[in-house]
Amino acid sequence: VVSPDQIVARAFLEGDLHLVRVAEQLGVTAAEAVKALRISAGSAIGEGELLAELRSVWGLFRSTVQAPLTGTVDFITASTGHLGIRAPKRELQLRAYLGGVVAAVESDRAVVIEAHATIVQGIFGVGGERIGVVRGLPVAAHEVVTEAHLPSQGLEGAILYGGCTPTLAALQKAARGGAVGFITASLDDETLRGYVGYDIGVAVTGDEAVPMSVVITEGFGRLAFSERVLEVVRPLEGKQAAINGATQVRAGAQRPELLAVATGAPTQPSVPSMSLQPGCTVRLIRVPYFGEYGEVEELPAAPQQIATGAYARVVQVRLRSGDRVVVPRANVELAW
Amino acid sequence: VHAFTEVQELSGRSIVTEADPPFVMTGSDLTHGIDLYLSTSSAGGGLQMLVAGVVGTITAESAERAALGAGAIVIESVSADDGREDHERIERIRHVKPDIVLLTGGVEGGSSQHVVEVAEILVAAAPRPRFGSTLKLPVIYAGNSAAAAEVQRILGSLAQLSIVPNVRPTIEREDLGPAREAIHELFLSHVMSHSPGYGKLLSWSPVEIMPTPAAVGDIVQQYAQQTGFSVMCVDIGGATTDLFSVFPDRQGEPRFNRTVSANLGMSYSIANVLREAGTAALKRWLPFEIDDNALRERLLNKMVRPTSIPQTVEDLFVEQAVCREALRLALAHHRALSVGVEQARERGIADIFRQSAQRYELVDLMKLDMVIGSGGVLSHAPSRMQAALMMLDGFALEGITQLSVDSIFMMPHLGVFASVHPQAAREIFEHDCLVHLGCAVVPVVAPRARLSGPLAQVWVDGVLVGEVVRGEVTSLCTGRTGSATVRVVPLHRAVDVGAGRGAPHQRTVVLGACGILCDGRSRPLELAADTVQQQERVYRNLGLL
């Protein structure tokens with residue numbers, strides 16, 4: 001049995017190679033630099049140790065090159081007068097991420113962890129894998145999260161959830177307080193830019209240097225938290241969970257997630273169908289109905305002309321407001 | 001199997017079997033089965049390469065052209081003079097995971113030292129191959145042959161090195177062929193062979209599997225060669241925009257170039273177009289007002305839900321505005337890399353002492369005969385006029401240019417088909433693939449010339465059909481199809497329509513749904529402050545509103 005933050009694998013990676021331009025540092029030709037070397041390929045050296053020494057004018061003037069780091073001389077190139085120093089190997093540790101039972105170990109490659117788990121998949125996120133304790137915010141599903149919704153204490157190690165379109169000040173306060181994750185419905189584009197420090201142009205994220213991973217479940221703009229998602233997250237209150245903002249929309253698609261060991265006995269998920277069919281609840285994902293929910297009424301087989309003039313396969317949806325709309329099938333998502 | 005089943009359903013022919021291969025090969029039987037199976041691949045996002053050279057504008061640029069011409073995406077270009085410190089280059093290279101590295105540098109008989117230094121940087125960075133983590137990184141060395149042994153010694157532990165003739169044997173001469181062939185071979189043996197099902201596909205096809213962009217490049221080159229046209233072809237996808245062109249160099253030889261703008265696309269990288277162009281640049285193409293935040297949010301939502309499609313006219317125009325900016329940025333990138341090098345006999349003693357090649361831009365829009373648009377936003381635009389206007393605006397075309405689109409993105413298939421049946425491929429290309437929209441007529445007014453009234457007259461098959469009006473975009477002869485001789489006569493001495501200032505110019509074009517698109521706006525294309533009203537007028541004139 002492993003916990004999410006338990007180390008399940010470690011490896012020793014080859015150290016980085018640092019280039020030392022001996023010829024340039026001594027101000028001599030490559031051949032003279034090689035003659036001045038006081039070490040040979042394969043030598044172990046310590047930081048500050050003498051690599052090359054040049055004496056001129058009957059030994060009155062002395063120029064030296066010292067090792068910038070501890071390591072091993074990997075190569076010496078006669079034609080450039082350069083050498084490479086390989087830093088010592090470094091240890092890489094891999095944590096379990098999901099707590100559970102180790103079901104299999106594939107020697108030198110992988111470990112399989114099994115658990116009865118709850119997963120919430122977001123649509124976009126930033127920041128990498130983190131482990132924390134799930135904590136709800138006192139904010140309604142459609143309400144903007146501000147600093148006032150954040151407690152002044154107890155944020156350390158928390159994965160916060162709730163509300164929508166948090167202000168930048170709210171995100172920064174949560175991060176400053178030590179929260180490791182933040183799940184909310186939607187995000188304003190300026191807030192995202194302010195939080196990561198630059199515009200995100202391509203949906204490949206996860207490596208941002210942010211202190212707290214952020215995951216949104218609905219999209220950009222002001223969109224309310226889905227009640228269905230809240231139903232799944234609420235029972236995790238106070239429990240340890242893993243969050244990962246890494247998103248890759250293209251090939252090998254990856255969406256951000258919250259992952260936690262579920263409580264109680266495993267149950268069959270109450271998902272009616274994975275395919276679009278009359279009666280399904282769908283979320284509309286394109287203007288002018290972006291963010292609205294409705295029920296599928298009809299799925300006409302033949303493509304129909306839509307307002308843009310294009311022909312597309314469509315679906316007729318009855319919105320929660322009671323209005324009936326016909327939209328391209330590409331513009332709805334199953335929402336259960 | 002799904003794809004074969006779909007072809008079977010659409011064609012009504014019996015094709016699929018339970019066996020391997022899952023289709024029936026029947027040779028000349030007209031009733032069922034297929035004659036030939038061919039394949040191109042853009043598996044895993046295509047072939048990704050790192051290129052390195054000594055001088056950015058000489059060897060590194062040649063390496064980039066070699067890689068792009070072979071169908072690769074250049075994810076990083078490193079040169080000894082790129083202004084970065086060693087640690088910055090090393091850090092950057094460590095973060096990329098190329099499929100193949102192309103290392104160049106130095107001319108034959110020149111210094112070896114700098115290219116060896118670049119090899120040292122490479123070994124210090126030790127980039128890992130994207131596929132097959134246990135394999136050595138494939139590196140092609142196409143630099144000064146005198147340094148090959150030293151490069152081999154330095155890179156030996158890191159890479160599987162292939163040594164090919166220098167891409168830049170002299171400053172004035174570029175020889176990309178051997179490097180391109182080596183890239184193609186390594187693509188097949190190292191990249192494709194790691195793709196699931198590759199062996200199976202290979203066993204079904206009588207010819208090798210080509211990278212998809214290389215196949216498009218082949219058909220563009222063949223078409224340019226057969227027609228003698230200067231051609232530019234754009235393929236704008238969800239993540240990248242590829243531009244292919246064939247323009248003559250100063251010796252009159254057709255020169256092929258391809259560039260990939262890796263992060264300019266209509267879905268996965270749509271937000272990057274926004275980032276590079278800015279909201280103001282996107283909004284100048286819209287015939288309505290939109291709030292900056294709302295625009296940004298729409299595009300970010302498209303990025304995270306890339307398969308959604310516009311369902312309002314306003315939303316469609318927003319995506320088409322993004323397309324215009326992606327085309328504009330991709331063309332700027334293409335122009336920068338598509339350069340010719342002056343031959344030695346044209347250069348003076350001073351140039352030779354300067355040891356820098358005299359570069360000149362190959363792309364000349366005034367000389368461009370034909371532009372071909374491909375990719376969903378162009379091929380499947382609800383109206384052909386929208387596609388024509390996106391290309392006219394995005395590329396800021398000049399002179400008389402034939403406008404066409406690829407009907408259903410057939411070009412890569414025809415590119416590989418041409419390696420087996422060139423004549424059949426050409427016929428399909430001309431009759432089924434290319435959809436001729438018409439032509440653009442764009443007079444260019446000399447800088448600082450103050451003109452009033454119409455800029456030029458347009459004659460079709462000897463009949464005056466209309467005029468190009470300053471500042472306006474209009475269409476003539478819409479609905480007329482087939483071949484026609486378009487003669488454009490400047491009405492001022494400061495106006496150039498392709499034959500020099502004040503001179504009439506004529507070309508035979510194929511007219512289509514858009515007729516003759518007359519653009520009287522200034523070049524470089526600068527839109528007035530009241531862009532919404534101006535765009536509204538353009539859209540209305542062309543029947544798009």
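In this predicted model, the side chains of A:R86 and A:D74 meet in a salt bridge, 3.4 Å from N to O. A:R86 sits in strand β7 of chain A, residues 82-86, and A:D74 in strand β6 of chain A, residues 71-77, so the pair ties together parts that are 12 residues apart in sequence. Are the two partners buried or exposed? A:R86 has 15% relative accessibility and counts as buried, because the cut-off is under 20%. A:D74, with a relative accessible area of 34%, is partly exposed.

Over all chains, the structure holds 53 salt bridges. Another one joins B:E319 and A:R286, at 2.5 Å from N to O. This pair crosses between chains: B:E319 belongs to helix α12 of chain B, and A:R286 to the loop between β19 (281-284) and β20 (293-298) of chain A. Both residues are buried.

Helix α12 of chain B also carries B:R335, which pairs with B:E361 in strand β12 of chain B, residues 359-361, so parts 26 residues apart in sequence are tied together.

B:E117 takes us to helix α4 of chain B. B:E117 is one of the buried residues of α4(B); in total, 11 of the 13 residues in this helix are buried. After the helix comes B:A126, with a positive phi near 45 degrees.

Now the cores. The largest nonpolar core has 95 residues, and A:F124, A:M212 and B:F395 are among those with the most contacts inside it. Helix α12 of chain B, residues 313-337, gives the most to this core, with 11 residues. A second, separate core has 32 residues, including B:A52 and B:A119.

Last, the sheet in chain A. Eight strands form an open, mixed sheet in the order β11-β18-β17-β13-β14-β15-β16-β12. Its edge strands are β11 (117-121) and β12 (124-126). Neighbouring strands are turned by 30 degrees against each other on average, direction ignored. Within the sheet, β14(A) and β15(A) run parallel and are joined by three bridges, and A:Y161 stands opposite A:I183 in β15(A). Helix α4 of chain A, residues 189-196, packs on the sheet, touching β12, β15 and β16 of chain A.

Terms used
Residues are numbered from 1 along each chain as its sequence is written. Chains are lettered from A and ligands numbered from 1 in the order in which they are written. This is a predicted model: local features need pLDDT of at least 70, side-chain atom pairs count only at pLDDT 80 or more; totals for chains, interfaces and linings use all residues. Side-chain values use heavy atoms; hydrogens and water are left out. A nonpolar core is a set of buried Ala, Val, Leu, Ile, Met, Phe, Trp, Tyr and Cys residues joined through side-chain atoms within 4.5 Å. Buried means under 20% relative accessible area, exposed over 50%, partly exposed in between (1.4 Å probe, protein chains only). Helices (H or I, at least four residues) and strands (E, at least two) are DSSP runs, numbered from the N terminus. Two strands pair if DSSP finds at least two bridges between them. Axes are lines fitted to C-alpha atoms, for helices over the stretch in contact, and angles run from 0 to 180 degrees between N-to-C directions. Contact means heavy atoms within 4.5 Å. A salt bridge is a side-chain nitrogen of Lys or Arg within 4 Å of a carboxyl oxygen of Asp or Glu.
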